[in-house]
Amino acid sequence: MDTGQLIQRDETCWEIPKKGAMRVPALIYADASLIRDMDQKVYEQITNVATLPGIVDAAYAMPDAHWGYGFPIGGVAAFDPDQGGVISAGGVGFDISCGVRTLHTGLTIRDILEQKHRLADELSRAIPAGVGSRGKISLNHNEMIAMLNGGAQWAVDRGFGEAEDLERTEEQGCMKGADPSEVSAKARERQHDEMGTLGSGNHYLEVQRVTEIYDQTIAARFGLAIDDIVITIHCGSRGLGHQIGTEFLKDMAVSASQYKIALPDRELACAPINSPLGKRYLGAMRAGINCALANRQILTHLTRQAVASIFPGARLDLFYDVSHNTCKVERHKVNGQMKELFIHRKGATRAYGPGHPELPTAFKDVGQPVLIGGSMGTCSYVLCGAKDNERRAYSSSCHGAGRAMSRHQATKQWRGRELVDDLARQGILIRSPSLRGIAEEAPLAYKDVSAVVDAADKAGLSRKVARLEPVICIKG
DNA sequence: ATGTCC
């Protein structure tokens, strides 16, 4: 991106001033180097988002922003229903409530070193991964509806995990207001035997080692210390979420003119929050969120079983679960008054600062854990919602490294087998059904995650707490 | 992201 088109507000905040059809300005949080490498499409896309009805304050892009469908991935936008605000399927993303959860293991790197290969094989056997992966659980109609209403709470009720897990999951594991009757038969059919599966693309299950602590006090509160082993699961709502996205995107594109919404890009298709279509999508999307929460909950149970077969005494307590493709109703201050806004976060993580009433007791005084996945073979980070970050991007932070190169380009540049061998030499074990998938996910096809989190920290979105490095990676 | 094209 050409920095000449932007007004630099400070070291990590860049403004696209309001012009043309824009209702508000757009703000990008990144350092100069990330901005220079950022896709020019991000400029176009957040400029377009800023034209949508009812948008409040600004359209935001996180430091990891890149070209997405309509909205950039790494985009945040808040809409006011009382000002004609809209909800957009492309503003949530196809993989509804894709997210990350990290489990403590109580083990250290010394405990697992000699069992590394066994653990990799066991996890690979226990976790269904890859395109169209299927699980052992299949849901009949009534169970499907119960799952879409109950999310991770439904999963815990069925014996997948423990009640304590729910306290450490956004929405206590259950998104209220889901309407399974708005989830089509086709979407439900696609999910019939996909519960408890990882899927493909950038989804993974990773065994990680804590290698650096940046904030001793918060790390201690988060239960993280050097050489601890944690396990991180990154996945979403599988075929069901994708089907919901596909169907509503089409409906929203068709009905935009009926709602008198001028779309600068068809991919920005949306509907007023208070319209019948907007309400239908909200109900379906919330059911999709529950599907993703239930899916990660079942995967947690499968992970616990796999780890227990090698380390019988290990306790895999949930550290935290965050979603990064959502639209949520939150109370925020607008012109000095508290308002209920619909916050779209696409490839962006909620990052409540210290003291937020919705935080679990364990984190209330320090802030929300923010889990940032790196690319395969590179590091990941744990951050913490920063004080006063509400006024920056409605308490949001980045979600990962962000792609720097297309999947197609990556497959031309790398061979899966060579990447697996290279990483094995670095002591990182990869298990995946797809060598092509590995090539698409080559570490160098992503932005430098360390630069991304440094920018998020400097911008005051969230604070660095700990760095994690991969030991084993189960890839979809 | 996605039964990587109904």
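This is a predicted model: local features need pLDDT of at least 70, side-chain atom pairs count only at pLDDT 80 or more; totals for chains, interfaces and linings use all residues.
## The seven-stranded sheet

Seven strands form an open sheet with mixed pairing. Their order across the sheet is β1-β2-β3-β4-β5-β13-β12. At the edges lie β1, which spans residues 7–10, and β12, which spans residues 325–334; each of these strands pairs on one side only. From one strand to the next, the twist averages 25 degrees.

Strand β5 covers residues 73–79 and strand β13 covers residues 337–346; the two run antiparallel and are joined by five bridges. In this pairing, A78 is placed opposite I343 of β13.

## Helix α2 on the sheet

Helix α2, comprising residues 40–49, packs on the sheet. The strands that α2 touches are β2 (13–16), β3 (26–29), β4 (55–66) and β5. The direction of α2 makes about 160 degrees with that of β4.

## Packing of α5 and α12

Two packed helices are described by the angle between their axes and the distance between the axes. For helix α5 (residues 116–126) and helix α12 (residues 276–308), the angle is about 145 degrees and the axes are 9 Å apart. The crossing of these helices is right-handed.

Helix α5 contributes L119, E122, L123 and A126 to the contact, while α12 contributes L302, T303, A306 and V307. By residue class, the contact of α5 with α12 comprises six nonpolar residues, one polar residue and one charged residue.

Methods:
Residues are numbered from 1 along each chain as its sequence is written. Chains are lettered from A and ligands numbered from 1 in the order in which they are written. Side-chain values use heavy atoms; hydrogens and water are left out. Two strands pair if DSSP finds at least two bridges between them. Helices (H or I, at least four residues) and strands (E, at least two) are DSSP runs, numbered from the N terminus. Axes are lines fitted to C-alpha atoms, for helices over the stretch in contact, and angles run from 0 to 180 degrees between N-to-C directions. Contact means heavy atoms within 4.5 Å. A crossing is left-handed if the near helix is turned anticlockwise from the far one by less than a right angle, and right-handed if clockwise. Ala, Val, Leu, Ile, Met, Phe, Trp, Tyr, Cys and Pro count as nonpolar, Asp, Glu, Lys and Arg as charged, and the others, Gly among them, as polar.
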